[in-house]
Each structure stands twice: as structure tokens, then as C-alpha cells.
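Subject: Structure for your review

Dear colleague,

Please find below the structure for your review. My notes on what was found in it follow directly after.

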Amino acid sequence: MLVIRNKLFQKILLYFLSLLIPIIIIGLTFYLNEAQIVKKDVSQKLDANLKFSSRTIDIYLEMTQSTNNNLFHSDIIQQYLKPYLQLTNEEKVNLPLIVKAIVQNRNTISSFIDQIFLYIDTERVYSSEGLISFETFFDRFYHLDDYNQDYWKKRLETSSLFQLLPPTRVKQFSGLQGQEVIPSVSTQYVNGKLVTMVTSLSVPAIASSLNNNSLYSSTAYLILDSSKRVILNSGNWNEETVRQIGAQLPENKGVYFTKLNDYEVLIVRSPSGSFGWDYYSITPVSAFSGESSGILNLLFWICLSLVIIGILFSFIFSVNLYNPIKNIKEILIRAEKEIEVNNELRSSDELKMIRSRIHQLVEQNRHATLTLNQYSSELLDQFFTNLIKAHPWAQQEIPTRILDKLGFQDAYYSCCCFMFDYKGRFYHELPEADRLLIQEKMKNVLWGLMQRHINCYVLELEPNLYVCVMNLKQEEDRLLLDQALVNIKSTFEYDMIYCELTIGLGKMYSKIGDIAKSYSDAITAIVQGKGHSDVTIADSADFTIEQTYFYSFLDESKIANAFKIGSIETLRTEVEGLIQFNINRGVSYAYLGALLAELLNTGIRYIHERQLQLQMLLTEDEYAILASRNMSPNEFRERIERLFDFYGRIITETTVKGEPKVGTVITLITNYIESNYHNNIYLENIADEIGLSPKYVSRLFKETTGTSITDYISLVRMAKAKELLAQNDLKISEVSERIGITSRTTFLRIFKKHEGISPMDYRNAIARKQDEAN
């Protein structure tokens, strides 16, 4: 009871109990507004569901329109479709090709299409079933109740764009009354003759699409066209009810509760932006009203349970929290006689007194703790890890002390990396205790062997990867280093039945801050020099190691185009090829990590262009891993796969249905330009090569990539020109000719426009960078 009366205990208990206030407020708010919340939630779900379903149907209607246009402009229709009486016997042989083209277009959206047919005269009708006489087709084969032969003959008299006719019943050759369809009609000129194409849409298929996506089985659907004619009436309402449904909902409102035939219903309207249709879903309120009572009961018992449990735990936590505080206070008061303390210790505020006393204890021990930690093994590992990864050290006075303690003096510094690859028998034949002991002692074994010859420090940077940071007093110490490596090789060669050892040796540098470069050299040497022997020593001096990566604007454009076409396969091909190109050039692992970070930035720039939030596609931890420029060989492949996973998310979020065909055309254009940039290429021969009109190719490329074909050709040529300027001693005129620009003056003008400097200045700048890197 004394504890309960204590003011500090009461304060702690009140703090815990105050955490229950939000639960009570939220519970009461939800309880009082539950009915409105359920209606609002259901309204939002039904509204989103109807918009999704209506958009799906609109997409199929748009595909139908696109199918008609594609078929009109196909090479087969343009070449072989003529009035039947004008066809020669040789030309009639090609008529099955027209039927085949119709079948192919019908298969594209077969789930919504009931029939596709076209005719150029009143002699024959071309359909997916074959070539049928005009009278037979409309009288027996595909008779539409509301549209007789005279109607279809008149359609040939004037041209018209895509038009959706009111629904009608179709009677097919079997004599049975078929399903209800919506004819879509287009009449256009082909070879100077009007051709009518009809694509009939299945009304039951539209109804099935709506019902399959429905949230409630009792939901019925109504579709009206722009003239308020009924397209679909799944509720079988009479005309008066249909007019009532259309009149109940204001134009600017999409959701409305009302009564229909003495039943309370929820009406949702979604207008079509493409064809002027209005979609209505009518759901009885009884379908979802039962959800509220269950939710209320569940909410009541959850809140009550949380309050009871909260009160109980608040008391328990308060007691458990106060007792240690009381004990700490008593200990500090007993120590008051031995240590000089401030008057704050005698304050009635127990927490304030404890805080003041602990602060004094911390101050008294801070210097001793700092001195001890400076020379601990963890601190040394952290120090050299930061050096290897080129991270700045927070305390500027620490590095000098550590280097002096280890006897590292200004001379030459280098890194040597030891990578162990344990074989299967290591895990199968050796007991687990022996394996753990070997791996635990490996660092000390390597350190002992190296220290016999040179001054060094060894740390285990990653599992099975050990880094030896060496201080060579003079260049002659390199001979001692070679002796140390030979000694290590002979020591481990008898154990190679259990593992493989690859030793990478970095270049020597005169500054301790360049340890990161030497480490990068050593890792790159391990990767490039890894052979088939069990013990391999790879010296970076024997390899050409580039201290920069190669990633041009052209490469970035290819990746951006792959995003736009939504092809992860194309992305993987481009990125893998770019990485392999850099590896073949001998780019160091540090800069391969920088290349992966830049590839990440390319993806980020793309999603920013699409106005997406990075947090939607990438967590903070994933971003930290992908953005890091430091990387070990064990991480390389994993980092690449993480990058492709990120790219895949971008494609999932940004790719629009229907783009793959456009992307294929763009890929053909870019591939042709990249393969023929050295020739005299222009829009017309590119269009001829891929079989499309120049005007269409130009517009499609501009709309998809945001760049004209002429500008893209210049970009490709300038990228190739920079490669030639950086790698060869060719004359400027020779470089110009090799990229397909015969005029030296034109080449100089275009290059300066793109790069801001002349080709000669660019070559000099590249030479200076290479000299600085060396």
C-alpha cells in the first residue's frame, strides 16, 4: 500500500493509463459512426469496382476499334481486297489470306467478339468462317434482327468512322435465336472502293465481365449509351424503372442511396470517357447491412478486452518500473557519503536526483572508458574497415594514435585479400566444432604468418574474406611480402582438399587514405585472376584495372527505352551486357559498385519522370544496399539481382496494357540505328526496313521516347564518336567518317552542340583524366 501512495508510482501509473484514452475515443467514435462508415466503405469499394470493370470493357472496345483500323490498313487487305466480279482467277487464289487475317484479328480479343466480317460489294462477305455470298450471309448465316440486307447495302454508300450500333439479336445458320450483340461498323476507302467492316460484340460477354468482378452476387448492372438506349439490363427492369435509375443519379455524383421497387438500393454510376456509355451497378442495401452488427459486437469486445488488459498491465508495469527506480535511489543515497554530490541529490524529485547522480558517474568514468576503447580489437577493426570502405573517421585525433600504436609510419601502404572457398567435404567430413574453431582462428593464423615478414593488421571483413592492411617501409619490402605469400601458400597447400584459397594483392600507395584503392585493386585481381588451382596468387599489377566505369548517355537511353516497352528481358540483356563490358575492360570492383549505384539512379530518375514515389517501390534498407558503392565479390551477383528486382517493380507500376507492340517497333528502330549509324541513314529507309510508313514511325518514336529519330541518330553517333576519341589516335575527319558523317564541319558543329566542347578538347580532357587515374 505504501507503494501505491507514492507520488512517483501514481505518476507512472497515470502515464500508462493515459495510453488507453485513444482506444476509448477511437472505439466510441467508430461505434457511433459505424453505419455511415460501412456505407462509405462499401460505396467506395463498389465505385472502384465499377470503374475497374467499366475501364476493362472500354479497353476491349478500344481494342475492337484498333483491330478494325489495323485490319483496314493491313498489307493483305490493301493488296488483295477488290470487288469480287473484278477479280481474276489468279487473284481469287489469294482470298483465303483475307479470311486468315480476319481470324487473326478476331483471336486478339476473342472473349468479347462474336463475329468479324467485311464486304466491298454486295456479292461476297468475308468472315472468319470463309467467303460467303451476300444474301446467304445476312439471311441465313448471320441474320441481325434489327438490320436487314438493305441496311448493310446502304453502309457501302458513304464512309464512316468507328460507330457502335444499338444492340440486336442475331440468328445464325443453325436457325436458333442467338445471343444479343452490339455491332461496331466502320466504312473506309481501300484501293478507291468503300469497304464496310463489322465487329459484333457479345452482350453476354460484357455482362459476364461485370458479374465476375462483382463484390456482391445480388448486384445487377445497367449500361446506357449516349442516347440513353439500353445496352445491358441484367436486372430485367422495365423502361420506367430504367428511366428512374438514370434520373435518380445527378450528373456530378457517382454514388447514390435511393429506393427502387420498394427496396433500398445503392446505385453507382461510372461514365465512359471513350464511347459515351454510362455504367450503373444497383446493389440492395440488405446485401451488406448485415456486416455492421457483427463489426459492432467485435469492436465492443475488442475495446473492452484492451481496456481491461491495459489496466492490468499498467499496474504491473508501474510496479516493475518503480521498484528498480526506488532501489537505484537507495543505492545512490548510500554512496552519497563516499562521493561528493550536488544538492540536487536531496531533491524530492526522485527521477531528477537519479539523473544528476548518474550523470556524475558517467563523467567520472568517461575518460577511462574512452582510453580503453581506443585500443580495443573492435575499434581497430572498425578503423580499418572505414579505411577500406573509404568512410571518414568521426574522431580526427584517433587515426594518428592507432597508426602510432601499430607502428604504421608514412611510407607505402597496400592491401592483400585472402578469400577462402570451402568445399563440400569441409562441411561433410569435419565435425561442426572443428569447423567453427578453424574459421574462428583463421584470422590469427594469417596475421601470424604475415607479421613474420612485414608490419600489418588483419581483419575479417566478411565471412571467409580476410583483408591484410600492410605498411611497407620501402619498396624493397615487396620482396618480404612475396616471401610471406609463398609461406602462406605452402602452409595451406596441404589443406586444399577442403577449400580453395585465392589471394589478391593490391597496388602500393603512399597515403594511408588510399587503402581503399588498394583494396579495390586486390578484390578486382581476385576476380580476374581466379584460376583452376587450389591456391592462386593474383597481383593487380599484372592486370589492367580501370579506375572509372563506362556508362554513356546511349546506354542510359537503352535502359530507359526498355522501361518504356516494359520488357524485363531487354533490361536484363542491356544491363548484363553493360556490366560484362566494364568487367572485360578491367573496371575495378569499387567502380563496378559505383556503376550499379548509377544504374539504380537511372531507375529512380525514370520513376520520378513518371511521378511515382520511390518509397512505393523501394524500402530504406533496400535503397541503402543498392546505393552503396562498396561491394565484395560475394555481394556482386546478389546486388545485380536486387537491381533487377527493383527494375521489375518499376515495370509493374509503369507499364500500360497494349504497349508491347509499340515497344517492339521502338526496339526495331533503335536496333537498326545502332547497327547502321556509320551509314547514311534517314527516316525513310528506317521506315522501309521495318515495313511502316515514315510518318507513323516518326510520330510513334517521338511519342514513345520523347526524342525525334534525327536527334536519336545524332546521340548514337556522338556516343560512338566519344568512344573513338577516347580509345584511338584517329584524325577528327576519320572519326567523322566512321560514324557516318562525311562532312568534317557538320561533325564539329553537332559534337559541340551535344557535348559543349570540340572533339579535340574532349580528347584532351579524357587524356588528362587517364593521366590523373594512373
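**Findings**

Ser518 is found in helix H19 (residues 515-529); helices (H or I, at least four residues) and strands (E, at least two) are DSSP runs, numbered from the N terminus. Because its relative accessibility is 0%, Ser518 counts as buried, where buried means under 20% relative accessible area, exposed over 50%, and partly exposed in between (1.4 Å probe, protein chains only). Leaving aside residues up to four places away in sequence, Ser518 touches Ser414, Cys415, Gly506, Lys507 and Tyr509, with contact taken as heavy atoms within 4.5 Å.

Please note that this is a predicted model, in which local features need pLDDT of at least 70 and side-chain atom pairs count only at pLDDT 80 or more, while totals for chains, interfaces and linings use all residues. Residues are numbered from 1 along each chain as its sequence is written, and side-chain values use heavy atoms, with hydrogens and water left out.

As to the chain overall, the secondary structure of the protein chain comes to 32 helices and 18 strands. Of the 774 residues in the protein chain, 44% are buried. Among contacts between residues at least 6 apart in sequence, 63% join residues at least 24 apart.

Turning to the sheets, strands of a sheet pair through backbone hydrogen bonds, either parallel or antiparallel. An open sheet of five strands has the order S10-S9-S13-S12-S11, with antiparallel pairing; two strands pair if DSSP finds at least two bridges between them. Strand S10 (230-233) and strand S11 (255-260) stand at the edges with a single partner strand each, so one side of each is left without a neighbour in the sheet. From one strand to the next, the twist averages 20°. Within this sheet, strand S9 (residues 220-224) and strand S13 (residues 278-284) run antiparallel and are joined by five bridges; Leu222 has Tyr280 in S13 as its bridge partner.

Strand S8 (residues 193-202) has nine of its 10 residues buried, so it is largely enclosed by the rest of the structure. Six bridges connect S8 to strand S1 (residues 113-119), and the two run antiparallel. Met197 in S8 is the bridge partner of Leu118.

Two asparagines in loops deserve mention. Asn191 lies in the loop between strand S7 (177-190) and S8, and its phi is near 55°, a positive value in a residue other than glycine. Asn191 counts as partly exposed because its relative accessibility is 46%. Asn464 is placed in the loop between strand S15 (455-462) and strand S16 (465-472) and has a positive phi of about 70° although it is not a glycine. At 18% relative accessibility, Asn464 counts as buried.

Finally, a helix pair. The axes of helix H20 (residues 553-565) and helix H22 (residues 589-609) come within 11 Å and cross at roughly 50°; axes are lines fitted to C-alpha atoms, for helices over the stretch in contact, and angles run from 0 to 180 degrees between N-to-C directions. H20 and H22 are therefore oblique to each other (angles under 35 degrees count as roughly parallel, over 145 as roughly antiparallel, 65 to 115 as roughly perpendicular and the rest as oblique). Glu556, Ile559, Ala560, Phe563 and Lys564 in H20 meet Leu599, Thr602, Gly603, Arg605 and Tyr606 in H22.

Kind regards
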